[in-house]
Amino acid sequence: MLCVNVELKERRYPIYIGEGLLKDETCYPLKKGDKVMIVTNAIVAQYYLETVTQTLEKIGCQVESVLLPDGEKYKTLDSLNLIFTALLKHNHGRDTTIIALGGGVIGDVAGFAAASYQRGVRFIQIPTTLLAQVDSSVGGKTAVNHELGKNMIGAFYQPSTVIIDTLTLNTLPKREVNAGLAEVIKYGAILDYAFFEWLEAHIDELVALNQHSLQYCIARCCQIKADVVARDETEKGDRALLNLGHTFGHAIEVVSEYEIPHGTAVAIGMIMADYISYQRGLLSEDVMHRSEQILLKVIDIDITLLLYPFEEYMKAIRKDKKQINDSLTAVLITKYGEQSELSVVHDVTELEIEETINYFIDLYKRNM
């Protein structure tokens, strides 16, 4: 078992990474008599709810569970209210613990419920998708969507523990594994070029779910993100650079009505951001193509999901919470290497966005 610690100003919490950890009682910061509410969905529940429940009952916890509908479109206030209703119905107080058992949607909604219920209760993350394991379960960003924008209602609220059982990845569809690998590649490109080179050499092992490679990869990503969160917990500085690809990625999610997974959308967004950097003379063509080669290995979409009028993309981008006033903001990478360089720019034009969307569509069609 590997352990990465997230070091914050006021406290720290562990991220445990290994095989079979759902059954490992020592990973859970709980004791006999504790009340627990597990938040999950029907798909995850059929694989793991019984295992986690049995482990908690061995500790001596009182365990209830609530199942949310599956999918990004259900990351809503209605789903949040389902959790509150279950907590109140079973008389959970301020001393309860909410456990998020599932992917990023479950983690975000359950985390926001933990931040809100009786002004804050203990929260444990058990992410079961690769994307959640390397990204959304680490750092305390919780939220629900609004019909007018993604992640518009939420809070920064840190878990007490993150438990990553890498065997859960064996039940994931390939497209979900690829979506997580896209986020992994982003970490290497932005913050650890040696890791980026390691990924180029081991990407096929990761796609094949080699356990040794996966555990190293997840631990490295968690350490990278933990370091960034420790410096900038509420995303006012360096942490914003982790949004490389997100301006375009969130728009792609919205336009495709969330048929394209978040990680995949971010991978497409990274290619688009690289293209704008190249067009501005900030990135060489060779480096751009090298980045494209590894990202295309983890992008598997129906291209018709991107064939929407340009104004639909602009409408989604303008509603993105990362936009400031009327400027069009994006994170651009200007250098890959031992010291990768990024910058947040506020002068992206509509023409640049339209050209980069068309560039990706043509690029993907040529590589299908």
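Modeller: This is a predicted model. Start with the rings: the count comes to nine aromatic pairs, with centres within 6.5 Å as the rule. One of them joins tyrosine 193 and phenylalanine 196.

Biologist: Why is the pair of tyrosine 193 and phenylalanine 196 called stacked?

Modeller: The centres are 5.8 Å apart and the planes make 20 degrees. Stacked needs planes under 30 degrees apart and pairing needs centres within 6.5 Å, so the label holds.

Biologist: Where do tyrosine 193 and phenylalanine 196 lie?

Modeller: Both are in helix H6, residues 193-207. They sit three residues apart, about one turn of the helix.

Biologist: What makes tyrosine 193 buried or exposed?

Modeller: Its relative accessibility is 14%. Buried means under 20%, so tyrosine 193 counts as buried. Phenylalanine 196 has a relative accessible area of 1%, so it is buried too.

Biologist: How do you know that tyrosine 275 and tyrosine 359 are stacked?

Modeller: Their centres are 4.0 Å apart, with 10 degrees between the planes. The limits are 6.5 Å and 30 degrees, so this pair is stacked.

Biologist: What does the pair of tyrosine 275 and tyrosine 359 tie together?

Modeller: Tyrosine 275 lies in helix H9 (residues 262-279) and tyrosine 359 in helix H12 (residues 350-367). The pair therefore ties together parts that are 84 residues apart in sequence.

Biologist: Why do tyrosine 275 and tyrosine 359 count as buried?

Modeller: Tyrosine 275 has 12% relative accessibility. Tyrosine 359 has 15%. The cut-off is under 20%, so both labels follow.

Biologist: Which residues do ring pairs link into a cluster?

Modeller: Phe195, Trp198 and Tyr216.

Biologist: What makes lysine 186 a charge over the ring of tyrosine 187?

Modeller: Lysine 186 lies over the ring face, 5.3 Å from the ring centre. The distance limit is within 6 Å, so that test is passed.

Biologist: Is asparagine 91 buried or exposed?

Modeller: Exposed: its relative accessible area is 62%, and the label needs over 50%.

Biologist: What is the phi of leucine 209, and where does leucine 209 lie?

Modeller: Phi is near 60 degrees, a positive value. Leucine 209 lies in the loop between H6 and helix H7 (211-231). Its relative accessible area is 18%, under the 20% cut-off, so leucine 209 is buried.

Methods:
Residues are numbered from 1 along each chain as its sequence is written. This is a predicted model: local features need pLDDT of at least 70, side-chain atom pairs count only at pLDDT 80 or more; totals for chains, interfaces and linings use all residues. Side-chain values use heavy atoms; hydrogens and water are left out. Rings of Phe, Tyr and Trp (its six-membered ring) pair if their centres lie within 6.5 Å; planes under 30 degrees apart count as stacked, over 60 as edge-to-face and the rest as tilted. Helices (H or I, at least four residues) and strands (E, at least two) are DSSP runs, numbered from the N terminus. Buried means under 20% relative accessible area, exposed over 50%, partly exposed in between (1.4 Å probe, protein chains only). A charge sits over a ring if NZ of Lys or CZ of Arg is within 6 Å of the ring centre and within 35 degrees of the ring normal.
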